[in-house]
Amino acid sequence: MSQTGDIIQTIQDYMGETIYLPMFLCCLLICYCTGKKDSRKRILWLSVLGILAIFNNVSIRVIGKFTDTITYYRFLWAVPVLLAIAYVITKAITGLRKIWEKAVVLGVVLLLSWGFGSSFVTEESLRFPENKYNLPAEAIAVCDIIAQDKDEERPVVAFDMGTQLASRAYDPSIVWGIRRKAYIEHNDMEGYEEAGKYKADKVLIHAVNYGVQGEGELLKKALSKRKVDYIVTFTGYGMDAYFEGLGYSLVDRCGEKSVYGKGKGL
Amino acid sequence: MVSTDERGILMLELALCLLMALFLLAEFMIFGVGIQKIFRLDFRKYEVILTGFFVYFGIFQIVALPMILLQRPFHELTALWVGFILLANIILLFWARRELWKLAAGICRGFWQAKGIALLCALLIIGFTCYFHSAQQYLGWDTSYYIGTVNTTVYTDSMYVFDGADGTAGKFLNLRYALSSFYMHSAILCRLASMNAIIVQKYVIGTICILVHALILFSIGKRLFGRESKKALSFLFWGMFLNYGFNTIYTTSSFLLLRAYEAKGFCANVVIPAIFYAAICLWESQQKREHWWMLFFFVFASVPLSMSSIFIAPVLTAILLAAEWLIRRDWRILWRGFWCVVPNGLYLAVYFLYTQGYRIAVH
């Protein structure tokens, strides 16, 4: 979501490539034109008050100071986009007598709502969960490897990002070695100038998420600082010898991932 | 290859999920009937369930919030809530048994009277949406945080003491999340059923969000189309169908189809549409007590359901009522509206103090 504090940009980000906003405005106009006197007044006043109180650049900045600008989009949930469109469609379809007229309205609706490649329904989304947790099977297997091997009740694990996202949804005994904010804000190959208090996390990200091998001393310090018990990374990075040199031996492999434990061995 | 034992456990867990969803729906009915009887209100059938949903979570917040702030162990909250539910059920099933039977019979009659293509389409789209939501493997940082919060609560027997995302112990209660007890309710279900949070959240809570959203759409349809059930069902169908094309990560549709189990999903698809519903009722008549009570319950339970509502719900209520006042020029609208947003005002005050550095240290 845009953090520029510009309402137009925010609305554009919210709507994406869909044409629901023009559809909504058309429906609002239809409701205004066909509505009774009181309904017209309501539409008018609600629009004016909404724009004056919330949907303007000043309000974005004021609200941004209280919470943060990035969550401002939630105020757009209060714009009844789908309710207005559904109301007009229902009125149109139930008001028509002939089947071909209904079919035309239906066709227009389908074209407008789904015809711009913005549908949630795709070949990939029509699926069944691969397991009862609906989590990647590989992430579950990695957590099981750690659970079977661990000596600590709550092991600290430095994961690659994908596995980290699924790990604690499956096993709450795991503690993340790389903090959430570090992954959100510093998940890149850049240097450490901007990392601040997340420098140790970023060193770990470099190693486990990008396979960087040239930061031995830094990584050793980071592993010690974050008290990491296990490392999970991509097997393809070929990190066995590198981690072995830092005291972390291969515990097991699973799919594309390798699990290394502090002072462990096969 | 799934073994026979694993398949048996899977079937048992799915059956438990279904039971939990049915149990919650029954509780919403019971609480709705109870509140109707206590306040001597006369709701429509679907309004009873809708109000019951909000009252249920509102009462849960009253029970849970002091225990969260006092950092009591989670098992105490579980015991207290189970005890309260048992007591409330025994009392209400005895005291309001006639009203409950009447409601159940009325719902069955309503389904029978509405039979036809519109009802079939509505049921199909609701069913498909429940399937679609359950089948998606959306995994974001928020998912990890919220599911992690529920799992951590059960695992550590504490509430908001550990960070839901990374599992580390916090120095103070994070009131950005701890002011809403929504996830603690899920944790109780997980504890009682001995199930992982992701299963309960995805299959039970997500389904409840979709069902309540559908109920609100139906209710709005009933109001907009003069009690014509078939038009209301058609409105419900289109209201849900349009979600499938409204695809950006920020939209209410995204929070319905991918993240209905999150508190934010409830804010976007339950709290806000419910406030709209109450406003539509008030447009019809500002004199009926039922309409004001509904608005009060919806806003009152908005924070218990989602911290995202802390600001949105009162602002939306204020705008809707201010517009009505500009048309009617009746000061009672603003006066009653003021009382509806008072609970959120209190939450906002506490949250503001928190952002200014007033913290509750973890002990």
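The structure is a predicted model, in which local features need pLDDT of at least 70, side-chain atom pairs count only at pLDDT 80 or more, and totals for chains, interfaces and linings use all residues. Residues are numbered from 1 along each chain as its sequence is written, while chains are lettered from A and ligands numbered from 1 in the order in which they are written.

**Confidence**

- The predictor assigns the complex an ipTM of 0.94 and a pTM of 0.96.
- Chain B has a mean pLDDT of 95, with 99% of its residues at 70 or more, pLDDT being the predictor's confidence in each residue on a scale from 0 to 100.

**Contact between the chains**

- Chain B contributes 54 residues to the contact and chain A contributes 58 residues, where two residues are in contact if their C-beta atoms, placed from the backbone, lie within 7 Å.
- Among the elements that give two or more residues to the side of chain B that touches chain A are helix H1 (4-38), helix H9 (197-224) and helix H12 (263-284) of chain B, helices being DSSP runs of H or I with at least four residues, numbered from the N terminus.
- That side of chain B comprises 30 nonpolar, 20 polar and four charged residues, with Ala, Val, Leu, Ile, Met, Phe, Trp, Tyr, Cys and Pro counted as nonpolar, Asp, Glu, Lys and Arg as charged, and the others, Gly among them, as polar.

**Helix packing in chain B**

- Helix H3 (residues 74-95) of chain B packs against helix H8 (residues 182-193) of chain B at an angle of about 85°, their axes lying 10 Å apart; the axes are lines fitted to C-alpha atoms over the stretch in contact, and angles run from 0 to 180 degrees between N-to-C directions.
- H3(B) and H8(B) are therefore roughly perpendicular to each other, a term that covers angles of 65 to 115 degrees.
- From H3(B), B:Phe74, B:Leu77, B:Thr78 and B:Trp81 meet B:Met184, B:Ala187, B:Ile188 and B:Arg191 of H8(B), and by class this contact has six nonpolar, one polar and one charged residues.

**Positive phi angles**

- B:Arg40, in the loop between H1 and helix H2 (45-69) of chain B, has a positive phi of about 50° although it is not a glycine.
- B:Arg40 is exposed (12 or fewer other C-beta atoms within 10 Å, placed from the backbone), with 7 such atoms.
- B:Tyr160, in the loop between H6 and helix H7 (175-178) of chain B, is likewise not a glycine and has a positive phi of about 60°.
- B:Tyr160 counts as buried (20 or more other C-beta atoms within 10 Å), with 27 C-beta neighbours.

Methods:
Angles under 35 degrees count as roughly parallel, over 145 as roughly antiparallel, 65 to 115 as roughly perpendicular and the rest as oblique.
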